[in-house]
Amino acid sequence: MNTIISASLLAADFTDLGCDCERAAAAGCDWLHFDIMDGLFVPSISFGDPVLQCVSGIAEIPVDVHMMVTDPVRYVKRYADFGAARITFHSEATDDVIGTIDAIKACGIPAGLAIKPKTPVSEIEKYIPLVDMVLVMTVEPGFGGQAFMPETLDKIRQVRALADAMDLPLNIQVDGGINGKTASLVREAGANVLVSGSYLFAAEDMEKAVSSLR
Ligand code: DX5
Ligand code: ZN
């Protein structure tokens, strides 16, 4: 599977967000990763509706929404209307995983299911055939700039093995601490969608940094 690079805007310069969106696309990123945090599911609050509308209005590449929000189904339709190209939510954030997947699909976009580092793969195994992507968090969600957790590699391998056994071309996304060193580890474990924030936006040469992740 081709490696897809999704640039996490949480690490962008918010005083010049449009410029950083263009910079990421020009550097060869495939998607823009948009982290929505509600201050409940995770401690911090990031950005929401008006920023998503602005970003998807100018984005030259698809906007990959990562909801770190309690009871995410409440927001699916509006984020799709605001231009999300795909929506990923956390299994830990809802009692109705299937209903939330269905709500995303009803908007005509692919659904992704995320798990935190301590959530076992067995919790989401039955949902794998229903989604386009599984996001294995490689840090605790909530903040950028954290160190990659190597204990998550085994979970990536487990998800890939399950998808292969079901003969599914599943996208496996990783998010948190992805840089020139950790990228090869997660790719070897079976991830094909790499989210990267601080590593890409702090790079002197973003194009080179993107290539180093592939
Ligand atoms: C963390 C977010 C990530 C974050 C990654 O909860 O979901 O997308 O921006 O940042 P880095 O790449 O800096 O670890
Ligand atoms: Zn994210």
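## Two aspartates with positive phi

D71 sits in the loop that runs between β3 (63–68) and α3 (76–81); helices here are DSSP runs of H or I with at least four residues, strands are runs of E with at least two, and both are numbered from the N terminus. The phi of D71 is near 55°, a positive value in a residue other than glycine. With a relative accessible area of 34%, D71 is partly exposed (buried means under 20% relative accessible area, exposed over 50%, and partly exposed in between, using a 1.4 Å probe and protein chains only).

D167 is not a glycine either, yet has a positive phi of about 60°. Its relative accessibility is 69%, so D167 counts as exposed.

A word on the ground rules: this is a predicted model, in which local features need pLDDT of at least 70 and side-chain atom pairs count only at pLDDT 80 or more, while totals for chains, interfaces and linings use all residues. Residues are numbered from 1 along each chain as its sequence is written, chains are lettered from A and ligands numbered from 1 in the order in which they are written, and side-chain values use heavy atoms, leaving out hydrogens and water.

At 32% relative accessibility, M166 counts as partly exposed.

Which residues does M166 contact, leaving aside its neighbours within four places in sequence? They are E125, I128 and P129, where contact means heavy atoms within 4.5 Å. I128 is 38 residues away from M166 along the chain, and the C-alpha atoms of the two are separated by 9.1 Å.

## How α5 meets α6

Two packed helices are described by the angle between their axes and the distance between the axes. For α5 and helix α6 (residues 182–189), the angle is about 30° and the axes are 8 Å apart. Axes here are lines fitted to C-alpha atoms, for helices over the stretch in contact, and angles run from 0 to 180 degrees between N-to-C directions. The two helices α5 and α6 are therefore roughly parallel to each other (angles under 35 degrees count as roughly parallel, over 145 as roughly antiparallel, 65 to 115 as roughly perpendicular and the rest as oblique).

On the α5 side, L153, I156, R157 and R160 meet L185, V186 and A189 of α6. The residues of this contact divide into five nonpolar, no polar and two charged; Ala, Val, Leu, Ile, Met, Phe, Trp, Tyr, Cys and Pro count as nonpolar, Asp, Glu, Lys and Arg as charged, and the others, Gly among them, as polar.

## How α1 meets α2

Helix α1 (residues 17–26) packs against helix α2 (residues 49–58) at an angle of about 45°, with 10 Å between their axes. That makes α1 and α2 oblique to each other. L17, G18 and C21 of α1 make the contact with V51, V55 and I58 of α2. These residues divide into five nonpolar, one polar and no charged.

## The cysteines

Are C21 and C54 buried or exposed? C21 is buried, with a relative accessible area of 3%, whereas C54 is exposed, at 53%.
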